[in-house]
Amino acid sequence: MRLAPSRRALTIAAIAPLLLLAPTRARAQRAEITLAPSAASAPTTGRVFVFLSRTNDREPRVQAGSYSGSVPFFGMDVSALAPGRAVTIEAATLGFPLKSITDIPPGDYYVQALLNVYTQFHRADGHVIWAHMDQWEGQHFNRAPGNLVSDVQRVHVDRNAVIALSLTRALPPVEIPPDTKWVKRVRIQSKLLSAFWGRPMFIGATVLLPVGFDQEPTQLYPAIYIQGHFGLEAPFGFDPDTMKSEPADRRMARLARTSREPGFEFARAWMGSGFPRMVAITFQHPTPYYDDSYAVNSANNGPYADALLTELIPLLEQKYRLIAQPSARLLTGGSTGGWESIALQIQHPDFFGGTWTLYPDPVDFRDYQMTNVYEDTSAFVPNVNATTTWVVPERFMSRTEEGQPLLSMRMLSQLEAVLGSHERSGEQMNAWDAAYGPVGPDGYPKPMWDKRTGHINKDVALYMRDRGYDLTYYLQQNWPKVGPSLVGKIHVYVGDMDNYYLNLAVYRMETFLKETTTPKAEAVFEYGRPMKPHGWQPFTNAELVRMMDTVVKRATAKTATN
């Protein structure tokens, strides 16, 4: 789950569509977008967008596309668009948060166009599809290297406006941070994923080394595998170059939400004498559908779990002198990374030695955020019954920690439909469709629900459940087999007012793990109260490392005794 920047930003995003839908509307007839010959020498396939903003503090393209807030934008597919040719975005082209470009109120706007460039993949399953090949930017369409953009223009929109834009330049490559004494980066071509996708595919890792690593060449270390969205920053936010004090007011505001410390405080602890000597590692594994594969084998994404466990981890263990034992492989992560950390532990119980999972994406699909995908008919509204025949409430996907609903599932689905057809939005629900769901007849992921109507496809829901992606159901069905290897290894932490309702599914998993006795799970569940949001954790990252170190030492002592 990608984090929202702030509650205030979310609230503004929630009311912005109401402000834009003023009684007086202009009728901007269309936007004409030309692919300049100087920007492309061959026909290009992808998705073209136009963005409109009232401010020019940032380019309009980087103000759009997020469910935590977005300026109006509109998108459509293009196939083999020839240099010098134009496409037209008009009244029928779907947009977000406004449905049509004709809904733009009259006034002055800064406008920009972008073409998200797609690559053709000839997959091993026989399907040929078009999708965006990640350029090591983490599937951010509005800043992906090689995507084509126009200059920003200021235009006046009124009833007869025709916005003319030309795609003239490509966005630059990503700048990879240089390695340092403490932080190293690895990127490898995966044989397994390259075979699946029919072209070179890459995975990687960022590695944080402990004190004394270079001075003790025979020392072996436990590994902490930190799961999360694509990113090139150092594990745990390690920042040795900004050794400063946190202002008192900022510290109070942070502690009201989470105990996680700033990166410079963590660096001070990590580099200090007496701190546990472990290696911390974050993975990079973007797919053509999302910034992260969810670390599972998938019909749509390919064998990412196998690639991580059999290609990347063995390389890291050899290169960085890691202890190649389950008790020395520990997991953590939040949100998307929270789901991955507990999924890796549950689905590979004898490979990892424990997970400290933070505010995970839905671990029980009876609470797929607020939707029970097995019983509900629609993702947008509750099932209609005698009490809801006349008043049918919207179902929401986000809220403030005080409980104020923000973005509805209907609006999120509209956003994803604008960002990409065939589940290629690079956003949350489409990411789950790609990671968990079946392949459709056209070669693209078959969606859990129709993004225009909200109707849930029960066949897709059961497919996801029966292949182990509903983690609570997986535990229920397989506990006699996997339970003995999971005793004492599961620790889950989530705020009781998680901004994305993720606590609801955690409650269900806890209920099962507390009731099971053959064997007893000895799992830990802790809830942030009162009103702790998405991102809450009850300890600093330095404290988490110390907790993990205690577990490793206990396992080492037990092995030595036996």
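User: Where does H5 bend, and by about how many degrees?
Analyst: Keeping in mind that this is a predicted model, helix H5 bends at Leu312 by about 30 degrees, and a proline, Pro314, follows within four residues of that position.
User: What length does H5 reach from its first C-alpha to its last?
Analyst: Helix H5, which covers residues 304-319 and so has 16 residues, reaches 21 Å between those two atoms, close to the 22 Å expected at 1.5 Å a residue.
User: Switching topic, how do H4 and H12 cross?
Analyst: The axes of H4 (residues 263-270) and H12 (residues 541-561) come within 9 Å and cross at roughly 35 degrees. Phe266, Ala269 and Trp270 of H4 make the contact with Asn541, Ala542 and Val545 of H12, and these residues divide into five nonpolar, one polar and no charged.
User: Which aromatic residue does Trp270 pair with?
Analyst: Trp270 forms a tilted aromatic pair with Phe275, at 5.9 Å centre to centre and with 55 degrees between the planes.
User: Are those two buried or exposed?
Analyst: Trp270 is buried, and Phe275 is buried as well.
User: And which residues form an aromatic cluster?
Analyst: One aromatic cluster is formed by Tyr290, Tyr294, Trp339, Phe365, Tyr368, Trp432, Tyr436, Trp449 and Tyr469.

Conventions. Residues numbered from 1 in each chain as written. Predicted model: local features only at pLDDT ≥ 70, side-chain atom pairs only at ≥ 80, totals over all residues. Heavy atoms only, no water. Axes fitted to C-alpha atoms, helices over the stretch in contact; angles between N-to-C directions. Contact = heavy atoms within 4.5 Å. Nonpolar A, V, L, I, M, F, W, Y, C, P; charged D, E, K, R; others polar. Expected span 1.5 Å × (residues − 1). Bend = angle between axes of the 7 residues up to and from the residue. Phe/Tyr/Trp six-rings, centres within 6.5 Å; stacked < 30°, edge-to-face > 60°. Buried < 20%, exposed > 50% of the residue type's maximum accessible area, 1.4 Å probe, protein only.
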